[in-house]
Amino acid sequence: QVQLVESGGGLVQAGGSLRLSCATSGTSRIIFSIGAMGWYRQAPGKQREMVATITSGGSTNYVDSVKGRFTISRDNAKNTVYLQMNSLKPEDTAVYYCNAKFSFGGDCWGQGTQVTVSS
């Protein structure tokens, strides 16, 4: 079994920055089976949406609303994925979740971290 633990959320003023981290823990075998990882967010009253994803090879994908402001990265040696968020806007306010997909199918979610951007 694998666990994903997010950190780095908080309250920030519009225009500010935050860096989210998602640390994975579990057996070496299952961590080795992790493929793509990503960050998703869910604002009150809205559906969860993909924010950014990164493959094991480092290819990235972003939702249009964060392109040029957010950067996803991963450190495979530390089994950690990051989301650097710059030029934050009030509409970025949401609970941010980390997701990991396994090569054998299925995925895993973290517990979420709150990001609040004040205007």
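Predicted model: local features only at pLDDT ≥ 70, side-chain atom pairs only at ≥ 80, totals over all residues.
Local features rest on pLDDT of at least 70 and side-chain atom pairs on pLDDT 80 or more, while totals for chains, interfaces and linings use all residues. Residues are numbered from 1 along each chain as its sequence is written, and side-chain values use heavy atoms, with hydrogens and water left out.

Glu-6 lies in strand β1, residues 2-7. Strands here are DSSP runs of E, at least two residues long, and helices are runs of H or I, at least four residues long, both numbered from the N terminus. Glu-6 is buried but has no salt bridge. Buried means under 20% relative accessible area, exposed means over 50%, and partly exposed lies in between (1.4 Å probe, protein chains only). A salt bridge needs a side-chain nitrogen of Lys or Arg within 4 Å of a carboxyl oxygen of Asp or Glu. For Glu-6, the nearest side chain of opposite charge is Arg-48, 7.6 Å away. Lys and Arg count as positive, Asp and Glu as negative; His and the chain ends are not counted.

The side chain of Glu-6 instead reaches backbone atoms. The backbone nitrogen of Cys-98 is 2.8 Å from this side chain. The backbone nitrogen of Gln-111 is 3.0 Å from the side chain of Glu-6. Leaving aside residues up to four places away in sequence, Glu-6 touches several others, including Cys-22, Trp-39, Tyr-96 and Gly-110. Contact means heavy atoms within 4.5 Å.

Side chains of opposite charge can pair when their charged atoms come close. The structure holds five salt bridges. One joins Glu-49 to Arg-41, with the closest N and O atoms 2.7 Å apart. Glu-49 is partly exposed, at 31% relative accessible area. Arg-41 is buried, at 6%.

Asp-92 and Arg-69 also form a salt bridge, at 2.8 Å from N to O. This pair links distant parts of the chain, 23 residues apart. Asp-92 sits in the loop between β8 (80-85) and β9 (94-102), and Arg-69 in the loop between β6 (60-62) and β7 (70-75). Both Asp-92 and Arg-69 are buried. Salt bridges with shared partners join Arg-41, Glu-49, Arg-69 and Asp-92 into one network.

Lys-67 and Asp-64 form another salt bridge, at 2.9 Å from N to O. Lys-67 is partly exposed, with a relative accessible area of 49%. Asp-64 is exposed, at 61%.

Thr-27 occupies the loop between β3 (18-26) and α1 (28-32). Thr-27 is partly exposed, at 45% relative accessible area. Thr-27 and Gly-38 are 11 residues apart in sequence, and their C-alpha atoms are 20 Å apart in space.

Note on methods:
Polar contact = N/O pair within 3.5 Å; in protein donor to acceptor, adjacent residues only side chain to side chain.
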